[in-house]
Amino acid sequence: MIYALCLILFLIGLYGVLVKKNIIKIVIGLIIMDYAINLFLLLVGYKKNGIPPIISKGDDIAEFARNSVDPLPQALVLTSIVIGLGVIALMVAIAIRLYERNGTFDITKMRRLKG
Amino acid sequence: MNIIPLFIVLPLTVAFIIPMISRKFIKLPDVLGNLTTLTLVFLSVSVIGKTGVYMIGGWKMPLGINMVIDGLSVLMLVTINVVAFASTLYSVDYMKMYTSKLRYYSLFLLMLTGMNGVVLTGDLFNLYVFLEIASIASYALVGFGCEYDELEAAFKYLVLGIVASSFILFGIAVIYGSVGSLNMAQISEVIKQRGMNNALLFAAALFLMGFGLKAALVPFHAWLPDAHSSAPAPISAMLSGVLIKTLGIYTIIRVVYNIFGISERLSLILMIMGTLSMVIGVLLALGQWDFKRLLAYHSISQVGYVILGIGLGTPLGILGGLFHLINHSVFKALLFLNAGSVEYATGTRQMEEMGGLSEKMPVTATTSLIASMSIAGIPPFNGFWSKLIIIAACIQAGHPVLALLAVIASILTLASFMKVQKYVFFEKLKEKWNDIREVPLLMCVAMVILSVLCVFMGLLLIPAAWNSFLNPAVQVVLEGTGYALRVLGQ
Amino acid sequence: MIGMTLIVKTIAQWIKSFIFLYGVYITLYGHLTPGGGFAGGVIMVCSFILLTLAFGKKKVLSKLSKALASELDSIGSLIFLAIATLGMSIGGVFFGNFIQKNIPGREFALLSAGMIPLCNIAIAIKVGSSLFMVFIILAVLRVVEKEGRLEMIQTEMREDE
Amino acid sequence: MLIGSIIALETSDLLAAVISIGTVGLVSSVIFLFIGAPDIAIVQVVVEVLVLVVMIRATISKDLTTISGDRELFGVVVSIIMLAVIFIFGIKVFSDIPQFGTNIISLFEGAPSNVYLSQGLKETGAPNIVSSIILDYRAYDTLGEATILFTAILGALAILRQKTKRKTKGK
């Protein structure tokens, strides 16, 4: 059931991207989609009463391997957070530049190019 | 086997070094960029016919990330690097129109790295990472001119691109959640053992949407005309020539054929998407008067041919699809470079304003004539052979309607390009273009290289070349999930 | 506008080195405790961001100029790539871990795990400098109206083009 | 989190929107901490702070602070229907994924994570298994990640440069 909440979060973000007419709102929608996916990946790797995948001195390795949560999704999420950060930086740069050229964040006023 | 990482390391190193170059050495980035792409061309030609798996870090297969080289990757590698070389050669003079050449070359090489990485990798998440490198570099390059239209196109491309990437990442997450691995061969193996279930179907749908967005297939094509017509010409050539194919078509082939395994339903979806793109793209192109926008719509249409051929699933169809893929890379890149030359000389992209340019720009006019005939499918140019194969494959597979549609789309393409030739290069020279000149030498050289390729690529069908270059790629697609056995067996 | 009130300035002055040190710690112990090059790099940047917010841009740029940040960005990436390539030339495979990584009895020491700490440091340099640039170019930028049209101003700093 | 994100999208005050998205990020970082991912929690917090600062400085300081904009009802309805379809399809899917709380790696022998957990310390020497994955087993991904950051910054610099075009011939 908790996965469904992730899906809802993802769809809220998608809704923002599709429907909103303000560049900043679109950016926010994309950020929300990012969060939803990260959360989903981590939840997939979760194990009930799991411990963090960090061995401390004197741990029994076999015991640890049985109890620890899945470390691979964490590595993936780390990468995906960084990717999200880079994308946000580029997006904000383009948004600022558009604002400079146009004086507004509203995309209904700038859809001169038609698809 | 040790040269495989060089496809990543070499452009990456140069891309990291270029921004540090002082602006006193104005020629250095040009030289470095071109040397890199030239080396990559030689490297990619040298791996023709090789297959193998390279395990990064020496880790065994599911533990680490592996690079897989097989017929399909080699085909893509050669195409990517040849087009990239022509584009960098062209950029030397063309990019004098813009400032900040250092960043341009760096971004260009990063995009190239991303594409090479996508083609070589054997790991699903790694594919996503490199796909993002290539996409992010291309977002920045589309907006490189910082004019209003360019920024807007870049933003539109960026938003849709990120949505596509999110779909892909979500698909990867779902796959990881149901399979527990990221290695493509291992995933394929597990799917074969356990059969498909809803989760995997959902992931497949997400992948199709994501990669379809990247490939600009018809329901998802809205970004392409803007992005491709606003970018600087060499970038348009790269985007239309190889980027949509690497990030869209290649990935669709890999995922659909080699990971999930082709099924009736998937094949039908691909064929429908392909036909729709083919017809709608060319219909939209007919009404265009902006040179580059017209070419961009034709890209949608030609990509439709490729997907149609691949979706058929028969050996002949796949051969036609892949052959058309590389042909389209070459002639569409050439056409975009032509459009760039015209824009460089006249400063406009509107076709009504041009006319009679063949007197003043003989090289551009000749090469564009070759490319136009090639894209319209006139013998003996390369486009003819691949379209013929696709149409024949349609008939052979029992879809005469699709074959008819393909022929009609081809005729419409011919009409559209006759319009281009008539308005841009023939007719009478207009008064205001009396003082224009042919573009600089290096730009001409780049165009001539591509047009020579256009003429002679039909030769790839003779047995010797066919066996070493096209056939291995077709075999990779045909073997389907046999991919897993081959890779894991290494 | 040069910075905020005296209180903020004083506290920022005290705290900034601690934040920076914490970043260094997170980076160096990344292979033993939670954290790593990326988190460490971002934390180091946070100290610079604090300084920028408190004192204004001039003071920070005198410590770490944009050109230097840009070069550090490239250098960090190059170090990381060089480690990978060294793996190829010494260890035989791309990204081979070419330093002996499993010295018996030293499993939880700072100097263990082969190339991982080195990679952490390279990433921290790279991430730190590039995020600093993001902050500088995006957050300090102003769009103002000038002679009837909008223009971007990067106050008292010239773009290097 | 859900409420925060809806507020972020629907509020007409730009500052409130940015702050609510910050809240969503911080809440998700707390969740990360509870599900055994301290590495990610640290990164999420610092990145969140950075994003928040950048978003506030980059957007709020513009003269407009509120958002107006009427939406077309048709577009909204179509997108909501589309999203609902995806949702219904998606709900079915999650019954095929192992229940929340059971680990996929315990069900599947060949999963690489099993090896990472049991052999990670011996093979890489790093007790932090996440570190050992991102910098040793899957270091190639991290190279890609660093490259992405580099690309994005370079792209942002290129987009924001002041003079963009030289004079062209023939114009």
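## Where chain A meets chain D. In this predicted model, 68 residues of chain A are in contact with 71 residues of chain D (contact means that the C-beta atoms, placed from the backbone, lie within 7 Å). On the chain A side, at least two residues each come from helix H1 (2-19), helix H2 (23-44), helix H3 (61-67) and helix H4 (71-102). Helices here are DSSP runs of H or I with at least four residues, strands are runs of E with at least two, and both are numbered from the N terminus. H4(A) gives the largest share of this side, 22 residues. Sorted by class, the chain A side has 51 nonpolar, nine polar and eight charged residues. Nonpolar covers Ala, Val, Leu, Ile, Met, Phe, Trp, Tyr, Cys and Pro; charged covers Asp, Glu, Lys and Arg; the others, Gly among them, are polar.

A word on conventions: residues are numbered from 1 along each chain as its sequence is written, while chains are lettered from A and ligands numbered from 1 in the order in which they are written. Since the model is predicted, local features need pLDDT of at least 70 and side-chain atom pairs count only at pLDDT 80 or more, whereas totals for chains, interfaces and linings use all residues.

**View 1. Chain D on its own.** Chain D has eight helices and zero strands. Take the contacts in chain D between residues at least 6 apart in sequence: 33% of them join residues at least 24 apart.

**View 2. Chain D against chain B.** This contact takes 38 residues from chain D and 46 from chain B. Helices H4 (73-93), H5 (104-107), H6 (112-124), H7 (129-137) and H8 (139-159) of chain D each give two or more residues to the chain D side. H8(D) brings the largest share, 14 residues. The chain D side splits into 18 nonpolar, nine polar and 11 charged residues.

**View 3. D:Ala156 and the largest nonpolar core.** The largest nonpolar core holds 347 residues; such a core is a set of buried Ala, Val, Leu, Ile, Met, Phe, Trp, Tyr and Cys residues joined through C-beta atoms within 7 Å. The members that touch the most others are A:Val27, A:Ala89, A:Leu90, A:Ile94, C:Val42 and D:Ala156. Leaving out residues up to four places away in sequence, D:Ala156 touches A:Ala89, A:Leu90, A:Ala93, C:Val134 and C:Ile137.

**View 4. H13 and H19 of chain B.** The axes of H13(B) (residues 315-346) and H19(B) (residues 463-479) come within 10 Å and cross at roughly 125 degrees, so H13(B) is oblique to H19(B). Axes are lines fitted to C-alpha atoms over the stretch in contact, with angles from 0 to 180 degrees between N-to-C directions. Under 35 degrees counts as roughly parallel, over 145 as roughly antiparallel, 65 to 115 as roughly perpendicular and the rest as oblique. The residues in this contact include B:Pro315 and B:Phe323 of H13(B), and B:Leu470 and B:Leu478 of H19(B). By class, the contact has 10 nonpolar, no polar and no charged residues.

**View 5. H6 and H8 of chain B.** H6(B) (residues 148-179) and H8(B) (residues 198-215) pack at about 155 degrees with their axes 8 Å apart, which means H6(B) is roughly antiparallel to H8(B). This contact has 17 nonpolar, four polar and one charged residues.

Definitions and conventions:
Two residues are in contact if their C-beta atoms, placed from the backbone, lie within 7 Å. A residue is buried if 20 or more other C-beta atoms lie within 10 Å of its own, exposed if 12 or fewer, and partly exposed in between; C-beta atoms are placed from the backbone.
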